[in-house]
Amino acid sequence: MALTESAARAYLDRLSFGPLPGQVAQLMQTGITPWLTQQLNPPAGDDAATKAQLAATMVPLEYTDANGAAHNSTLPLQYLAATSAELFALEDPSLAFAQKVRPGTEIRAATWVRAATASAQLREVMTRFWNNHFTVDYTTPGEVGMMLPLMDGQAIRPNVFGNFRTMLGAVATSGSMLFYLDLCDSNKTDPNENYAREVMELHTLGAIAYEGIGTPGQPSDGKGYTDQDVIQVARVLTGWTVANGHRKNAAGAAPDDGSFLFCPSIHDTGTKSVLGVTFPTASGAGQPEGETFLDMLAAHPSTAIFVSGKLTRWLAGDNPTAALYAAAQAAWAANVHSPTQIAQVISAIVLHKDFLASPVAKVKDPFRFLVSLIRGTGAAWSWTPQLQDLLDNAGYPLFAWATPDGIPDRSGFWTGTDGMLTRWVAANALMTGTTITSSLSEATGDASGKPAPAVAFWTGTLIGSGLSATSEAALQTLVADSALWGKNAALSGAALETAIRRLIGGIAQLPEFQTI
Amino acid sequence: MSRLRSSTISRRGFMRSAAFGAAIASLPAGTRLAFGASGAPGPTIVVLLLRGGQDGLLLLAPADDSNYVAARPSSLRVTNAGNGAGIALANGPTKQDWRLNPAAAPLAELYTQGLLGFVTATGLEADTRSHFQAIDLIETGLTDVAQVTGAPGWLTTYTGLAANVSMLGVVAAAPQAEIDWQDSTAVVTIPDPAHYTLPLKSDDAFLRAAYAGGSLSAQALQTLNVVKAVDTAVAADTTKTAGLGAFAGVAQLINMNVGLRMVTVEFGGWDTHNDEENRFTTNLTNLSSQLAAFWNAIPNFHATTTLMTLTDFGRRVQSNANGGTDHGSGQVMTVLGNGVAGGRIYGDWVGLAADVLDAGDVPITTDIRSAMWEIVAPTLPGRKIGDLFPGVVSTPTGIMKSAAAARAAN
């Protein structure tokens, strides 16, 4: 079914990191359903263009070695497909911190490349969502960054459209999470409660279920979990740790490859009670206790409310209708055991009649803002440290958010004075820096070098026919600035390229480009 | 929650408000723009959020308390003998050997000078050990999480109560403030005044034209006004920011004398579930030296500036198996300023015997809202605690000179 321009643009704004030039027109013709079906079933792995871009990506590595010598080099990505043993080999006291967390640094760069380049865009949008839902900080401790390629590549990416329980288990046993929330250091003598609390509060049941509280519009089931449950869960999960050469598995072996290991000798074998269930259950003592606990969480009604609600806001905006929430929640609950659970939930949200009905557009977070600008230009680009700096300045530290709740996903978080300012500044910085490598005056496809065709082309590309009269008038002021066309009727060469880049930076600062 | 970055972070302030921007916007325009006014500076409250839940018992404790000694290894205690012994503090709440963690030596100096005091065993009587709920409650001054949604933060309320608040009167010194997403105008967030500018000056006119209307118009125009004001003021600012760390921006904002009444700044890294000895020591060393440097960097504003700390909660009395401590209850509030009746530890201390602990945690003896009120009350003449925290009863600890005087007069 054919779409209006505004609908097609809204779908691409929300379900991808922004339309490429020409993509809106394409989607207007094909309609959403075939596009969504294709996006929900992408081939595994990176497409050819993304592979090429990843292969060309160079990321600086700076450190001071044990002898005090400074090292400063720029190296290609080498850890994206590394095995656990290869990554854990960086657990070497002679290595500097930057070397230790290098795999995490590479994932940060690869996240940019994939978000801007991958044709499986919805997979990238959902990868960002789930990585942020299961947030880790790649620097605290260094092992989090060291093992990050496995969390991103094996726990998150293969499961972004799959079954939530599967992803929850993969994350729980991922080195990055085991180190980040301290589970790898817990033991029966005095269990660590960090992961035990956050897996319920942040990953599954939600704070709405703590003490059975609930929030307006999203009541809990009235039962909830308590501090006692947290303490008991910590005991259930003792023994879940990382193979470090010292801890022994059930077979008595002590592998040293950084992989997940259940260590019976530090597991609390006593009786526990969690959410009213007595452990060990019939499914067995030891590691099966933790598996049963994760089963309970994944199937819990509070998890359906909390996680499907968060996902609905991620895709549809800050204020979904009650019907949209309900549809997502119902799809979640109905597919708890389905291998395509999350895809079903996404379909239920995206194909719902209320999906595009949100009256207030959502403000782009800084990552989405910058990636959508790169994509919107259709330009050739290469990853530069500038991108990371712009994100840090904007208060969006990729894989480095300090608290395990993840980066907030609501417009108001990005509309304080610093939020407004950093987006504007970043737009110009991106367009005038070295990240964009191809000629945008050539892309304009106009031989005259005059401002009017450039304004028409780039507003059409980046904003479409929705450009307001106010914005159009403001752009007339902008092109008359001496840094752009000034009093010149036409420009050529480097002056034209500069003017067009400044023009695109200006268009990206318009209200129309701030929201999805 | 895991280890917050132990370096100085100031990522999020914690004004939450649908009404915060509106409170500013509702002031008469002349009042709003009266920044940079000459004359005596008004009072400034610095709210320092120690995100993560600072272990008050490793900051400040009766080192000779037998229950304390029994609950933790010496590495997680303030001790009174040997290498790394705590700094003895006069005027503790009990006749015990109260000591301050030696990593906080710069704070001990301020304490001795009578500029810095502590309120011990303070917090909110709310049954939460969740970081995020605890912060929500501290921001709203509520004890019931179910009431948080839609409730105004107390900073918002403060802004409404304070007279003559300028455009730069209430600031989060961070990229973002915690706000209600429905907020229709911008919260003033200034992480770094020195880099708070539009590099291309012509963008100001362009952006004013572009945002003359539309849904983000109010936020955009306020941003442009704030940027212009900061640009002007920072050009004349001579603050030496070396060594100020997380407090560099706050010191500049104060020295700029632009009518700052309330500023929030964050210093995280206190969620010490493991390896607490190293992490806490490093963090406290940094915080203490930066805090002392901050105080020295604002010599003209000592009479008008008061700083208070807030943290999610204190930590469990008993340490865990990983050389750390889990989420607890009663916290220690640190208060700094000329108006502080410093050199004393305030708040009732009932000890750490098993029968007085709150589920293994330091029991709260001072409602933190009462303590916060006590600290901000001198800046809100004629107001009552109920204006800021409805339904809360004031029980002054005496930590502010004005409150001490008032209590003595009664």
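Predicted model: local features only at pLDDT ≥ 70, side-chain atom pairs only at ≥ 80, totals over all residues.

Mentor: Residues are numbered from 1 along each chain as its sequence is written, chains are lettered from A and ligands numbered from 1 in the order in which they are written, and side-chain values use heavy atoms, with hydrogens and water left out.

A:Phe164 is buried, with a relative accessible area of 0%; buried means under 20% relative accessible area, exposed over 50%, and partly exposed in between, for a 1.4 Å probe and protein chains only. A:Phe134 is likewise buried, at 0%. The ring centres of A:Phe134 and A:Phe164 are 6.3 Å apart and their planes stand at 20°, so this pair is stacked. Rings of Phe, Tyr and Trp (its six-membered ring) pair if their centres lie within 6.5 Å; planes under 30 degrees apart count as stacked, over 60 as edge-to-face and the rest as tilted. The two partners are 30 residues apart and link distant parts of the chain: A:Phe134 lies in the loop between α8 (121-133) and α9 (142-146) of chain A, and A:Phe164 in helix α11 (residues 164-172) of chain A. Helices (H or I, at least four residues) and strands (E, at least two) are DSSP runs, numbered from the N terminus.

A search of the whole structure gives 24 aromatic pairs over all chains. One of them joins A:Trp112 and A:Phe367, an edge-to-face pair with 5.0 Å centre to centre and 65° between the planes. A:Trp112 belongs to helix α7 (residues 102-117) of chain A and A:Phe367 to helix α19 (residues 366-377) of chain A, so the pair ties together parts 255 residues apart in sequence. A:Trp112 is buried, with a relative accessible area of 0%, and A:Phe367 is buried too, with 1%. Both residues are members of one aromatic cluster, formed by A:Phe17, A:Trp112, A:Phe367, A:Tyr396, A:Trp401, A:Phe413 and A:Trp414.

A:Arg128 lies over the face of A:Phe367, at 6.0 Å from the ring centre, and over the face of A:Phe399, at 5.2 Å from the ring centre. A charge sits over a ring if NZ of Lys or CZ of Arg is within 6 Å of the ring centre and within 35 degrees of the ring normal.
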